[in-house]
Amino acid sequence: MKETINWHKKAVNSNDIEKLCADYSLESKTGSKSLAQILSSIFLRRDISSGNDILFYLEDDLRFVHNPFLLNSMEDAVERILSAMEEKEKVLIFGDKDVDGITSTTILYDCLKKMFNMDVECRLPVGDDSYGLSLQAIDDFYNAGGSLIITVDCGISNFEEINHALDLGLDVIVTDHHNPQDKLPDANIIIDPKLSDSAYPFHDISGAAVAYKLVNALRFSKTDFYNAEICFFDISKNQDESYNLDCLKIKNLCRVKELHEKIIPGKTGIYDLKFPYFLQGQLIYTWDVKEAKSILQGIFGSGVEFNLNDLQSELCKVFPSFKGKSASELLKLSTIGKYNKDENTSLNLFYNLYVTYCKKIIAGKHPEFAENEEKDLQLVALAALADVMPMKNENRIFVKKGISSIKNHYPRKGLAELFNKLSLKKETISSIDLSWSVIPALNAAGRMGQSNLSLELLTSEDAKRREEVAEKIFELNEERKNLVAKSMFDIKDDITKSIDENKKLCVIYNQNINKGVTGIVAARIMQDNNLPSIIVTENQGLCVGSMRSCRGFVATSFLDSFKDFFINHGGHDYAAGFSFEKEKIDEFLKKCTELSKNISLEELHEELNIDAEIPPSYFTPEIFNLLELFEPYGQDNQELILLSSNLKLCDVMVVGKKEPQHLKLTFDTGKYKIPGMFWGQAERFNDDIKIGRNYDITFNLGRNYFNGVVSPQIIIKEMRISQ
């Protein structure tokens, strides 16, 4: 039997397994103790052990995503856009031509046009335009009487263009998510979670997610809570008869400042403390006003007055079940507190409950917000998958919610027409369908120099036109596939000799490759050889290229070594692009060779890492619940690889009309029969795969869709005769 690589299952401590099960109530999440233990062991093997990480696997409520006002300069951006609305200014949204840029542009355009009724237009790089804001776009907008440019998914590296806009008297707001260089452009406002001084809790969100955050902040500006300054106050008694006094200020539902002081009755006077000044001029909430005032008067006397408001009474208007409950009782029920036990304090409880209360009030007054957010999240999900954002933290909620919106409601305009053209059913849509079908189709328009088609598909109000555009995008995608196939054929003999002698980098220069597919070709070579790869071609007298990286080697850091060499460059850790003058190609190739000597790559391990072993007696239909918990899969969250030993193979069927054919297998686990697929392995039937034998198998969990019926099945990675 063919044995490729070692199977490795990392050892985990049984006490750690039980602790995770208890700390995060995994049995209630999975439905059984055995499945909870398996889930816990998977978390530990994947180094998912902190509450902040586990939260995003077990929860999918939007209240767990991060506040948009945590992004630097978000309030400034909102104020500038509100001013533009009031003054009826003309606004330009400039985005990139890939899926992330197109979805970013659509999200912001829909908000400014439909919600604020602003004079707004969109522009993307078209034809042979390079990435990012262009001088021509700026001049055209200025001549049309525009005054405010907002970039989405670009701008952080457009120094010359932004300076030109400022010289013309235009204002520029940059919203981006790409890695910034050491120096920032002189834009009026910059929003990027990757800024060195960013306070945003999670840096790896897409450009569309940044646009979505801006839109959410703009929606929030339409509520009574915008710019409201609130202070939470709590006082509690210690065993030594002293008191802890805690205060928290918030604005736009963001924490602004905290104060913590200790009071010793009889020794600490009111003027010894900072909190009277901290609270001055604030709307102050405490859980039980009567109790808090009684304590304060007992310490400082009845002559000292505090203007406190009862938080419990306010919250009970929306959550009647809170009536009569103490803060300590609610602390035990806190979902957020379960994942952040070190921060499970009364003050944090007040803050979290108030945020939930505000969102409930807003949802009641502005039901259209939720409807529009559903549509936005479908695009944010696409962007996260398209730009290969890590499937952790809030990205998991974005993609889950986006896919759920498509399945349970409807695909938004544009996506519905494209789904129909691609023969995709919304009821069975998955992150894999989006990654392998929808995203390449939307990207094809930009790669083929017609990026505006994808933007038109998502923004047009004309149903007939959307149908026509979907058809055109489908045709362009077929053309793109042919170009990739031709490019791979043209360079197949160059790949081996283009890998440097240290086997650390592959660089290929071929002027016949279409510039729109350099990224795809670089990715293919990188995946096939497990090496960072660069593809360079020619376009209009320039060399343009793409880099795709792996094994811990950061593409943008490598390209920064050429920063005085390039006309422009930028991107992410593992995907970047650049351009330079054609006459520099020899110098570029020579420098790549020199720099490759110092490249450090993570070691390749020829082994299959097993997430968990499933004993035959545990192999029940409930095992497939793990699929729901770990999806969506993607960067930093690969498909689960499970192991089960000594399973009897009770049925085999060869399926497929073309070579290589596949095996449809059925395993007997004792109580249940488990169906599985072993792709492309039909030639092994009756050789080393025989009915009646017992096998050890490694597999992924999957689903089979047939005639509208969804059934679970496993996808075999490898199987070996049990010893």
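This text walks through the protein chain, from its overall build to single residues.

The model is predicted, so local features need pLDDT of at least 70, side-chain atom pairs count only at pLDDT 80 or more, and totals for chains, interfaces and linings use all residues. Residues are numbered from 1 along each chain as its sequence is written, and side-chain values use heavy atoms, with hydrogens and water left out.

Start with the whole chain. It holds 26 helices and 23 strands. Both are DSSP runs, numbered from the N terminus: helices are H or I with at least four residues, and strands are E with at least two. Along the principal axes, the C-alpha atoms fill a box of roughly 90 × 75 × 55 Å.

How much of the chain is buried? Buried residues make up 53% of the 723 residues. Buried means under 20% relative accessible area, exposed means over 50%, and partly exposed lies in between (1.4 Å probe, protein chains only). The chain exposes about 33,100 Å², and carbon and sulfur atoms supply 46% of that area. Accessible areas come from the Shrake-Rupley method with a 1.4 Å probe; for residues, only the protein chains shown count as cover.

Now look at contacts, meaning heavy atoms within 4.5 Å. Residues 24 or more positions apart account for 66% of them. Charge comes next. The chain has 85 positive and 107 negative side chains, and the centres of the two sets lie 5 Å apart. Lys and Arg count as positive, Asp and Glu as negative; His and the chain ends are not counted. Each charge is placed at NZ of Lys, CZ of Arg, CG of Asp or CD of Glu.

Next, single residues. Glycine 95 sits in strand β2, residues 90-95. Its relative accessibility is 0%, so it counts as buried. Which residues does glycine 95 touch, not counting those up to four places away in sequence? They are Gly101, Thr105, Arg123, Leu124, Pro125, Val152 and Cys154. Alanine 208 is 113 residues from glycine 95 along the chain, yet their C-alpha atoms are separated by 10.0 Å.

Serine 134 lies in a loop, between β3 (119-123) and α7 (135-143). With a relative accessible area of 18%, serine 134 is buried. Beyond four places in sequence, serine 134 touches Phe94 and Glu161.

Move on to asparagine 393, in the loop between α16 (367-386) and α17 (394-408). Its phi is near 55°, a positive value in a residue other than glycine. Asparagine 393 is buried, with a relative accessible area of 17%.

Glutamate 417 belongs to helix α18, residues 415-421. Is this residue buried or exposed? Glutamate 417 has 9% relative accessibility, so it counts as buried. Its side chain makes a polar contact of 2.9 Å with the side chain of arginine 466. A polar contact is a pair of N or O atoms within 3.5 Å; within protein, one must be able to donate a hydrogen and the other to accept it, and residues adjacent in sequence count only if both atoms are side-chain atoms. A polar atom of the glutamate 417 side chain also lies 2.8 Å from the backbone nitrogen of glycine 414. Leaving aside neighbours within four places, glutamate 417 is in contact with Arg466, Glu467 and Ala470.

Helix α23 spans residues 518-529 and includes glycine 519. Glycine 519 is buried, at 5% relative accessible area. At 17% relative accessibility, alanine 523 counts as buried. Alanine 523 and methionine 547 are 24 residues apart in sequence and 7.9 Å apart in space, C-alpha to C-alpha.

Finish in the loop between α26 (625-630) and β19 (642-655), the place of proline 632. A cis peptide bond joins glutamate 631 and proline 632, with omega about 5°. Aspartate 636 is found in the loop between α26 and β19. Its phi is near 65°, a positive value in a residue other than glycine. Aspartate 636 is partly exposed, with a relative accessible area of 46%.
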